[in-house]
Amino acid sequence: MNKLFSIGFWGVVARFILRNRTGILIVIAVITVLLALQWKNMRFTYTEANLLPDDHPINLQYEEFLKHFGEEGNLIVIGVKDSSIFTPEKFKAWNQLSQHIGKYDEVDLTLSVGNLKELEKKKDTTGFELVPFIKDSVFTHAKLANYKDELFNKLQFYDGLIYSPDKKSIRSAIYLKKDIVNTPARRDFVVDDLIPLIKKFEEDTGVKVHTSGMPYIRTLNSQSIIDEIGLFIGAALLITSLIFFFFFRSWRATFISMCTVIIGVMWAFGFLGLMHYEITVLTALIPPLIIVIGIPNCIFLINKYQQEIKLHGNQAKSLQRVITKVGNATLMTNLTTASGFATFILVKSELLSEFGIVASINIVAIFLLSLLIIPIVYSYMSVPKDKHLKHLSKTWINKFVDWTERMVRERGITIYIVAVLLLCASIIGIFNIKISGSIIEDMPKNTAFFEDIRFFEKEYEGIMPLEIMVDTKKKKGVMSLSTLKRIDELQDHIKEIPEFAKPLSVVELVKYSKQAYYNGNPEYYQLPNSQEKNFILSYAKSSTTDTNLLNSYVDSTGQFARITTFMKDTEPDRFVRIEEDLNKEINKIFPPERYNVSVTGKALVFQKGTHYLVNNLILSLSLAIFLIALFMAWMFRSFKMILISLIPNLLPLIITAGVMGFVGVPIKPSTILVFSIAFGISVDDTIHFLAKYRQELIANNWRIKKSVYAALRETAVSMFYTSIVLFFGFSVFTISSFGGTVALGALVSITLLFAMLSNLLLLPTLLLSLERSIANKKTMKEPAIEILPDTKDEID
C-alpha cells in the first residue's frame with residue numbers, strides 16, 4: 001500500500017512537472033526576481049555576535065550597564081612607538097592628525113598629547129582650572145623634550161591612556177558618539193575618513209601608526225566578512241563545476257547544474273533580506289553552502305537521467321523515471337541535511353537560530369529547484385549523445401567499487417580492528433580538547449588590524465573592554481570618600497592581574513584633583529584624606545562634567561559608578577580563575593548589603609556565550625541524531641536498522657573530535673557547528689545504501705550477502721561522487737582568513753570523508769555480521785515510504 005502510494009504520488013509529481021514546464025519556469029523566474037528585490041534589506045553586522053539568550057542573567061546585567069552608561073565600545077586608539085615622534089615636524093603632524101579627526105561629526109572627543117588638559121590651582125582665587133598641557137604652538141627640540149619629560153613623570157592621570165606603562169609609546173584616544181557606534185555611520189567614518197587620514201600621515205612622516213579599539217576592529221572584521229562572501233561563492237562554483245565536469249565530461253550538464261545552484265544562491269540572499277537578518281560570519285556561509293549541498297542533488301538527477309537514456313533511449317520515459325525514482329531519495333536526504341541545520345533553531349541563541357532557519361529553508365529550496373529545473377531543461381534539449389554517457393563506464397571508478405567490495409568480503413575483521421583503534425585514539429584526543437571564548441580567536445590573523453591588536457596588548461596590556469558597575473544603592477553615593485576608597489582598593493587588585501590594563505574610573509579624576517591642589521606634585525596623586533575631602537571632592541563632583549573626560553564614569557544620579565579596564569586575549573581556563581578571584585575580591589571590598597557590583601562588558605559576554613554554546617552542543621547534536629533517527633524509523637520501521645545506521649555516522653564525528661584534540665583546534669562557536677552539519681549530511685549515504693539494500697533483499701529472496709554486495713556496487717559510485725564534491729566544496733572555506741571558518745571547512749571535509757569510508761566499509765560489514773538478527777521479513781518489513789521504487793513498479 002505504501003509502495004503504491006509512493007509510486008503514485010511521485011508519478012503525479014512527474015506528470016505535473018513535465019506537463020507544466022513553461023509555467024513552472026515562469027514561476028521560478030518570478031520568485032527569483034521577487035527575492036532579488038529583497039536584497040536591499042540585507043544588513044551587515046556592526047557588532048559582535050551575542051551568543052547568549054536575551055533573558056540570560058549575563059545579558060541582563062549587560063543591558064543594565066548599557067541603560068546607565070550607554071554603549072561601552074566607542075573608543076578608537078591610534079598609537080605610535082617611534083622616538084622620532086617628539087621631533088618638531090613629526091610632533092606637529094601628529095597633533096594636526098588628532099585635530100583633524102576631532103572635527104568630524106561622528107567624533108565626540110579626542111585625547112592626544114597635543115590637546116591634553118592639565119589641572120592647576122587658580123592663582124587669584126581658590127579652586128582649580130583646566131589649562132592646556134602644550135602651551136606653545138611653536139615646537140623646538142628642547143621644548144618637546146621638556147613636554148615629554150613632564151608627560152611621562154608628572155601626568156600620572158594619563159598613564160595607560162595616552163602613554164604606555166613602559167613610557168615607550170604614545171597614543172591618541174578617539175571617542176565616537178555613542179549613537180553611531182552600531183550603525184553604518186561608524187563604518188563610513190572608519191573606512192572613508194579615518195583610514196585615509198592615517199595613511200596620509202604615515203606617508204608624510206614615515207612613522208608607523210597602529211590603530212585599534214572595538215569600533216575599528218568591528219568595522220574591519222565586518223568588511224572582511226563581506227569581502228569573503230564573493231570569494232567563497234566564486235571558489236565554490238569553480239571547484240564544484242570542475243569536479244562535476246571531471247565526472248560527467250559534459251559542458252551542458254555542468255552549465256545546467258551551475259545555473260541551478262546560482263538561482264539557489266540568489267534565493268539564499270533573498271531570504272536573508274526578506275527576514276531582515278544580518279550578514280554575520282555564519283550567515284555569510286549559507287550561499288556557498290547551498291552550492292556545495294545543491295551540486296550532489298544535480299549529480300543524482302543527471303546521473304540517473306543518463307543511466308536511463310543509456311538503458312532504453314526514450315527521453316520522456318527517462319525524465320519521468322528520474323523524478324519518480326530519484327525524487328523521493330533526494331527529498332529524504334535533503335530533509336536529513338536540513339534537520340542537521342534546523343537543530344540550531346532550538347538553541348536559544350539569535351545568531352545560531354537565524355543561521356539554522358535560513359540554512360534549512362534554503363536546503364529545501366535548492367532541492368525543489370533541482371527537481372524542477374533539471375528535468376524541465378533536459379526536456380527541451382536533445383537526447384545526450386554517446387560521448388556524454390562514457391563516464392558511466394569509467395574503469396577507474398569501477399576499480400574503486402571493486403576495492404570496497406573486496407574489503408567488505410575479505411577484510412571484515414580488519415575493518416572492525418581499524419574502527420576500534422580509531423575509536424580508542426579519538427577518545428584520547430577528545431580529552432585534550434580545549435574551549436576558546438576569545439573575541440579575537442576567529443578574526444583574520446594575517447591582517448594589519450590583527451597585528452595592531454597584538455601591539456596594543458603588548459604596549460597597553462589589553463584592548464578588549466571589561467566593565468565593572470558599582471551600584472551604591474543611593475543617589476550621589478559614588479562621590480562619598482568611603483566608596484571612592486573601595487573602588488580604589490578594587491583597582492589596586494585589578495592592577496595586579498597581568499592580563500588586565502590599568503583601570504579607569506572617577507577615582508583617577510579625584511586623585512588628579514588632589515595632585516593639582518598640591519601644585520602638580522606627582523607624590524600627591526592619591527585620594528584625599530578626611531581633612532581634604534570636602535574641598536577636593538566638591539570640585540571633583542563638578543569637574544566630571546567640566547572636563548568632558550570622565551562624565552561617563554558616573555551616571556547622572558551619582559548612584560552608579562563604572563570601572564573600565566582592558567584585557568588581553570586570555571585562555572578560557574585562566575579567565576575563569578581570574579573571574580572567580582575578582583568576584584571574591586569584590587565581595588570582600590563591597591558589602592552586599594550596601595553595594596551591588598556586577599562584572600560585565602562585551603569581552604565577558606562573548607566568553608560566557610561560548611561556554612553557553614558548548615553546554616548546548618550536546619543538546620544540538622542530540623536533537624540532530626534524534627530527528628534523523630525518527631526519519632529512519634519512519635522510513636524503515638526497524639529499531640535495529642536505526643542502531644546500525646547510526647554507528648557508521650557517529651564514528652566519524654568521534655574521530656573528528658579526536659582530531660581536534662590532537663591538532664589543538666578548540667571548541668568555539670564556529671567548530672561547534674561541525675558535528676550537527678556533518679551528521680546531517682553524512683547520513684544521506686546511509687539512507688541511500690539501506691534503501692537499496694532492502695530493495696535487493698526482496699529481489700534476491702532475502703539472500704544476505706548477495707543483497708549487501710549488490711547494494712554496495714549500486715550505491716558506491718554515487719556515494720563517491722557526492723562525497724568528493726562535498727569534501728572539496730567544504731574545503732573551499734579553508735581559504736578564508738577567519739580561523740573559525742577555516743576550521744569549520746576543514747573539519748566538515750574530514751568528517752564527510754571518514755563518513756563515506758564508514759558507510760562504504762563499516763556499514764555493509766555490520767550488515768553481514770548481524771545478518772541473522774536483522775535480515776528477516778519482520779525486521780525489514782515494508783517501510784512507511786518507498787525511497788527507491790522497484791524496477792518492476794516503474795511507471796512507463
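Rings of Phe, Tyr and Trp (its six-membered ring) pair if their centres lie within 6.5 Å; planes under 30 degrees apart count as stacked, over 60 as edge-to-face and the rest as tilted. Searching the whole structure this way gives 25 aromatic pairs.

This is a predicted model: local features need pLDDT of at least 70, side-chain atom pairs count only at pLDDT 80 or more, and totals for chains, interfaces and linings use all residues. Residues are numbered from 1 along each chain as its sequence is written, and side-chain values use heavy atoms, with hydrogens and water left out.

Select Phe 157 and Tyr 512. Their ring centres are 4.9 Å apart and their planes at 10°, so they are stacked. Phe 157 sits in the loop between helix 5 (141–153) and strand 6 (170–176), and Tyr 512 in helix 16 (residues 506–517), so the pair ties together parts 355 residues apart in sequence. (Helices, H or I, of at least four residues and strands, E, of at least two are DSSP runs, numbered from the N terminus.) Phe 157 is buried at 3% relative accessible area. Tyr 512 is buried too, at 4%. (Buried means under 20% relative accessible area, exposed over 50%, partly exposed in between; 1.4 Å probe, protein chains only.)

Next, select Phe 86, Phe 91, Phe 139, Phe 152 and Tyr 163. They make up one aromatic cluster.

Finish at Ser 257, in helix 8 (residues 251–274). Its relative accessibility is 0%, so Ser 257 counts as buried. Leaving out residues up to four places away in sequence, Ser 257 touches Phe 244, Ile 295, Cys 298 and Ile 302. (Contact means heavy atoms within 4.5 Å.)
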